[in-house]
Protein chains: 2
Amino acid sequence: MNLLVVGSVGLDTVKTPFGAVKEALGGSATYFAYAASFFAPVRLVGVVGEDFPQEHLTLLRQRGVHLDGLEVAPGRTFRWQGSYEYDLNEAHTLATELNVFETFQPKIPTAYQASEFVFLANINPELQLEVLTQVKAPRLIACDTMNLWIRTKREPLLALLKQVHIFILNDGEARQLTQQSSLIKAGRLLLQWGPRVVVIKKGEHGVLLFTQQDFFAAPAFPLEEVYDPTGAGDCFAGGFFGSLARHHHDQPLTTAALRQAVIFGSVLASFNVERFSLERLTSLTLDEIQTRYRQFSDITHFSPV
Amino acid sequence: MNLLVVGSVGLDTVKTPFGAVKEALGGSATYFAYAASFFAPVRLVGVVGEDFPQEHLTLLRQRGVHLDGLEVAPGRTFRWQGSYEYDLNEAHTLATELNVFETFQPKIPTAYQASEFVFLANINPELQLEVLTQVKAPRLIACDTMNLWIRTKREPLLALLKQVHIFILNDGEARQLTQQSSLIKAGRLLLQWGPRVVVIKKGEHGVLLFTQQDFFAAPAFPLEEVYDPTGAGDCFAGGFFGSLARHHHDQPLTTAALRQAVIFGSVLASFNVERFSLERLTSLTLDEIQTRYRQFSDITHFSPV
C-alpha cells in the first residue's frame, strides 16, 4: 500500500490562551503525513525553502515519511502566524508569508505516480487538479479545501470534486460552498457534486460522514483543554485516510471501514491538540491510539430499547 | 409513578424561514409535559389568563396531562413573539408580554406535593426554589434555566443547583454560567456545584451528559429541515425526564438509563422541530419514537478495533 500527500510544509508561529510557539513545524501536508504514518508509509510532495531546519526532515523520515518529492527551492519557507482566543474553533491569521510556496508547482516523482491512495491537502484547486493529471488511476483520491478557494476558485474546485472520491471539509466551508445552513442538506448536496464520500468536520462538535447509503455522526473526544488546534483538521484527515488505506489495500471499501476511519481520524486530531505543533504526535504510540479508539466507543454507546 | 412540571404556558407567535404561526400553544411546561406524556402521566403547574383557548387544555388533557395545578388568573395569557433566521440555533425575541405570568407564584396542589419526579422548567430560580419548599422529598429533581437568570439571578440559581439532582441547560448557558469556553470543563465544573447529573444541549450538535462516573456524547438526529426550533429544548427535557421517571420508579438510576434518556429526549426534540408549535407531537406515536431511537443507534455505531 502506498499513500501520497501533496500540500503545504511550513513554519508556524502560534499563540493560544495556553502558550505560544515560534516557527514550529507546520503545514497541512506535514500534519497529514505524520498522522497517516501510524497506519501506512507516506510519500510527501511539497516545497520548502533553503532555511528549512534539517531536524524537521529527520523527524518526518523517522516516521516513515518519504521526502523524495519535497522540493527545496531557493528562498524562504512558507510561514503562517496565527492566534486563537476564547473560542478555540476559530483561527485568527496574523500574517501569511507564502515565500517559496507562492510559485509551488507540484511535481510528482515518477516513483510516486502509481500511488494507490492520493490525498490532496488544502492548496489551490487548480494545483490539486494538476496533481491528478500526474498520477495513474489511484484507487482512492481525497481532498480538502479552505474558505479562500471556495471564494476565489469555485469553478476549479467544482471541477476537482467531480474527480475525487472523498471530500473532507469543515462545517463553515460546507455552509459557504453549498449556501445551505443545514449541514445535513449541505452534506447530501455535496454528494451530488461528485464525491461518493463527504466528511464534514465540526471541531469540538465532532464529525459527520455522508455516503449515498450511509450517515454517521461521531462526537469529538472530550478534552478539558485544547492547547493548540492548529493542524487538527489535517491530523483528522491523516488518521482517516491512513486507516482507510491500510484497510482498503486488500479489502473493498465498506461503510464499516469508513466509520472506523472517522474514529481513527478523530483520535489523531484529539491527540494533536493536546500540545503545540507536532509535539504530542511525536511521542504517540499505536497502543494509545487504540485505547482512545475504545474510549470513543465507550462514550457513544447506549442500550437498545 | 408521578411527574410534576412547573413552568410557563403561553401563546407563541413565531416566524422561521419556513413559515409562521400566530398565538400557537407554547411555553416551557407545555412542551415538556407533552413530550414527557409519552412515558408517564404528567401534572402541570402554571398559570394562564382568561383568554387561554379551551382547545389547548383539551389537547393536553387528551395526552394524560393533569391540569389541576394550572391556575386561570384574571388577565391575559403570557405571550412570546420570536423569529429565527438563517441560523436556526438562535431565537430572536421580538416581543415578550408576561401578562399573568408576571406575578406567577407557583402553588403546588396538595395532591401533587408528594410527586416523585419534579421538573422545574425555566422560570425565575427564586420561584424554582419556592416550589421545592412545597414538595415532599421527591426522588428526583431536575431543572432548566436561561441566560436572563444567569445574568440577573445568579445567587438563587447557585442555591437551586445545590438542591437539584439533574441540571439541564444549553451550551451558551453553560459557558455563560461557568465562564469556561470548553464545554467539557463547564460540564465537569457544574457537577461540583451540586447536581449529580449535568446535561448540556447543543442544538444541531447533539447533547453531552456528565456524571461523576460517566461521560456520554450523542449527536442530534440528522434532519434536512428544521421548521421551528421553538420548544426543542423543553421537548428534550420532557423525553429525557419522562423516560427516566418511567425507568426509575422501580429501578435504581443507572448510567445506562441516563444514556437512554438522552436518546429519548433527542428523539422527542427531533420530532418537535419538524413542524410548528406542538403540531408534530400531536400526531406522534410510540412506534415512531422507538423507530427513531433505533435509527439513533444506527447512525452512531462503529466497529471495535
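Visitor: How many residues does the contact take from chain A and from chain B?

Guide: The contact takes 31 residues from chain A and 31 residues from chain B, where two residues are in contact if their C-beta atoms, placed from the backbone, lie within 7 Å. Please keep in mind that this is a predicted model, in which local features need pLDDT of at least 70 and side-chain atom pairs count only at pLDDT 80 or more, while totals for chains, interfaces and linings use all residues. Residues are numbered from 1 along each chain as its sequence is written, and chains are lettered from A and ligands numbered from 1 in the order in which they are written.

Visitor: Which elements of chain A give two or more residues to the side that touches chain B?

Guide: Elements here are DSSP runs numbered from the N terminus: helices are H or I with at least four residues, strands E with at least two. On the chain A side, they are α7 (183–192), β13 (215–218), α9 (255–272) and α11 (286–300). With 5 residues, α11(A) gives the most. By class, this side divides into 16 nonpolar, 8 polar and 7 charged residues; Ala, Val, Leu, Ile, Met, Phe, Trp, Tyr, Cys and Pro count as nonpolar, Asp, Glu, Lys and Arg as charged, and the others, Gly among them, as polar.

Visitor: Let me pick one residue of α9. Is A:I263 buried or exposed?

Guide: A residue is buried if 20 or more other C-beta atoms lie within 10 Å of its own, exposed if 12 or fewer, and partly exposed in between. A:I263, which lies in helix α9 of chain A, has 25 C-beta neighbours inside 10 Å and therefore counts as buried. Beyond its neighbours within four places in sequence, A:I263 is in contact with A:A218, A:Y293, A:F296 and, from the other chain, B:F302. Its C-alpha atom is separated by 9.6 Å from that of A:R294, 31 residues apart along the chain.

Visitor: At what angle do α9 and α11 pack in chain B?

Guide: Axes are lines fitted to C-alpha atoms, for helices over the stretch in contact, and angles run from 0 to 180 degrees between N-to-C directions. Helix α9(B) (residues 255–272) and helix α11(B) (residues 286–300) pack at about 115°, their axes 9 Å apart. B:I263, B:F264, B:S266, B:V267 and B:S270 of α9(B) meet B:I289, B:R292, B:Y293 and B:F296 of α11(B). That contact has 6 nonpolar, 2 polar and 1 charged residues.

Visitor: And how do I read the sheet?

Guide: Strands of a sheet pair through backbone hydrogen bonds, either parallel or antiparallel. Two strands pair if DSSP finds at least two bridges between them. Chain B has an open sheet of 9 strands, ordered β5-β4-β1-β8-β9-β10-β11-β12-β13, with mixed pairing. Its edge strands are β5 (65–73) and β13 (215–218), each pairing on one side only, and the twist averages 15° from one strand to the next. Helix α9(B) packs on this sheet, touching β11 (197–201), β12 (207–211) and β13, and its direction makes about 160° with that of β12(B).

Visitor: What are the partners of β8 in chain B?

Guide: Strand β1(B) (residues 3–6) pairs with β8(B) in the parallel sense over 4 bridges, with B:L3 partnering B:F117. Strand β9(B) (residues 140–143) is also joined to β8(B), by 4 bridges and in parallel; there B:L120 stands opposite B:C143. Along β8(B) (residues 117–120), B:F117 and B:F119 point one way and B:V118 and B:L120 the other, and all are buried.
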